[in-house]
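Open the model in your viewer and keep the sequence panel at hand. We will go from one side chain out to the whole fold.

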Amino acid sequence: RSGVNPGEKLCVTGSIGDAKIGLDKLLKKKKITGKLLLNNSIKKFLFPPIMLKFAQQISEYATSCIDISDGLMSDVAKLAKNSKCALNVNSDKIPLSMSAFSEIKNNNYTLKQLISAGDDYELAFSIKDSYLNVVKKIAKKNNIKLSIIGNFYKGKGTYLDKKAFEEGYTHL
C-alpha cells in the first residue's frame, strides 16, 4: 500500500457503488425473497468478487494495491498517503454499472455517496504506464473490467476532479 510513485496511474476493477445500493435495498425490505436475491446490486453486496487470482497475476506490475472495502475514495486515499503522493481521481472515469448510473440519474444517490460507501471489494491499484498494456491483457484474460480513473503526483491530498475530497467510511 505504499509503493506508489508520482506519475503512476490509478486503476480499479469492476464497478463502484452497487454494494451500497444492494445493502440499502435489503435494509428496506421486511422479508427477503428469492426474487429479491436476483437483483444485481443485492448480489454484489452478498457475494463480493474474489480477486485473489487477478491480484496475484498483476503483483509483479502493480506498485501498490488495496481492496475497496471502506469506499473507493477512502481506500485510494490510503495508497496516496502511505506513498507520500497526491492523487486526483476523475469522476467521469469512475466505472458505474447501468443500475448505479440509473440510481444517480433518478436522484436516488449522488456519485459522492456511491464512491464514499464501502463493501464493493473491487481492487484499486497503481501502475506505471509501461505496464498498462500487460495488465489490461491480464484483466481481459480474467474477464475483469479495468478502468484507469486517476493519476498520482508529487504533493499531498486526495482530490476528485482537482477538488479536495475527504469523505469515506471510517472504522472509528
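Begin by selecting Leu79 and Ser83: the backbone oxygen of Leu79 sits 2.9 Å from a polar atom of the Ser83 side chain. That is a polar contact, meaning a pair of N or O atoms within 3.5 Å; within protein, one must be able to donate a hydrogen and the other to accept it, and residues adjacent in sequence count only if both atoms are side-chain atoms.

A word on what you are viewing: this is a predicted model, in which local features need pLDDT of at least 70 and side-chain atom pairs count only at pLDDT 80 or more, while totals for chains, interfaces and linings use all residues. Residues are numbered from 1 along each chain as its sequence is written, and side-chain values use heavy atoms, with hydrogens and water left out.

Stay on Ser83, in the loop between α4 (72-82) and β3 (86-89). Helices (H or I, at least four residues) and strands (E, at least two) are DSSP runs, numbered from the N terminus. Is Ser83 buried or exposed? Ser83 is buried, because its relative accessible area is 12%; buried means under 20%, exposed over 50%, and partly exposed in between (1.4 Å probe, protein chains only). Now show what touches Ser83: leaving out residues up to four places away in sequence, these are Arg1, Ser2, Gly3 and Val4. Contact here means heavy atoms within 4.5 Å.

Next, click on Lys84, in that loop between α4 and β3. Lys84 is exposed, with a relative accessible area of 71%, and its phi is near 55 degrees, a positive value in a residue other than glycine.

For another positive phi, jump to Lys162, where the angle is about 70 degrees although the residue is not a glycine. Look for Lys162 in the loop between β6 (158-160) and β7 (163-164); Lys162 is exposed, at 72% relative accessible area.

Finally, zoom out to the protein chain. How many helices and strands are there? The chain has seven helices and seven strands, running β-α-α-α-β-α-β-α-α-β-α-β-β-β from the N terminus. Its C-alpha atoms fill a box of roughly 50 × 35 × 30 Å along the principal axes. Colour by burial, and buried residues make up 44% of the 172 residues. Among contacts between residues at least 6 apart in sequence, 83% join residues at least 24 apart.
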